[in-house]
Amino acid sequence: MPIKLTETECRDAVSNGDFAESIRAGAPSVAIVLTQSWCPQWRFMQSYLADAEAHSGERTKIYYVEYDRESFYRDFMTFKEDVFENREIPYVRYYRGGKLHAESNYISKQGFLSKLGVE
């Protein structure tokens, strides 16, 4: 199952300009989905994330945050839009070996797996 990012993890990302190394390098391939709960594209992606993670086994970890449901909503949204320069949702960051490898917004399951590196 995808892992929900904690408030501390999100606030640390805002303070440090990216997510902690322990998250980015928690597996050979990592995806972090930043979204808002009401987004229909997120609901579609959410329906395949558990299957995508199961398909890829221990080689991947998938994290997410629905930041509109969090007390840090405004700060986090500003960070996402200004630092990551992305105003669309869902926004996905893909890491390999702890380094940013790719980015996307709404994406199909096959496209997600491809960017994650587990086609």
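**Close-up views of a predicted model**

**View 1. Buried residues of helix 5.** In helix 5 (residues 109-116), the buried residues are Gly-111, Phe-112, Leu-113 and Leu-116; buried means under 20% relative accessible area, with a 1.4 Å probe and protein chains only. The model is predicted, so local features need pLDDT of at least 70 and side-chain atom pairs count only at pLDDT 80 or more, while totals for chains, interfaces and linings use all residues. Residues are numbered from 1 along each chain as its sequence is written, and side-chain values use heavy atoms, leaving out hydrogens and water. Helices (H or I, at least four residues) and strands (E, at least two) are DSSP runs, numbered from the N terminus. The cover over these buried residues includes strand 2 (29-35), helix 3 (40-56), strand 3 (60-66) and strand 4 (91-96), where contact means heavy atoms within 4.5 Å. Gly-117, with a positive phi near 90°, follows helix 5.

**View 2. Contact of helix 1 with helix 4.** Cys-10, Arg-11, Ala-13 and Val-14 of helix 1 meet Asp-75, Phe-76 and Phe-79 of helix 4. The residues of this contact comprise five nonpolar, no polar and two charged; Ala, Val, Leu, Ile, Met, Phe, Trp, Tyr, Cys and Pro count as nonpolar, Asp, Glu, Lys and Arg as charged, and the others, Gly among them, as polar.

**View 3. Cysteines Cys-10 and Cys-39.** A disulfide is a pair of cysteine sulfur atoms within 2.5 Å, and by this rule the count is zero. Cys-10 is in no disulfide, the nearest cysteine sulfur, that of Cys-39, being 17 Å away. Cys-10 counts as buried because its relative accessibility is 0%. Cys-39 is also buried, with a relative accessible area of 2%.

Notes: Buried < 20%, exposed > 50% of the residue type's maximum accessible area, 1.4 Å probe, protein only.
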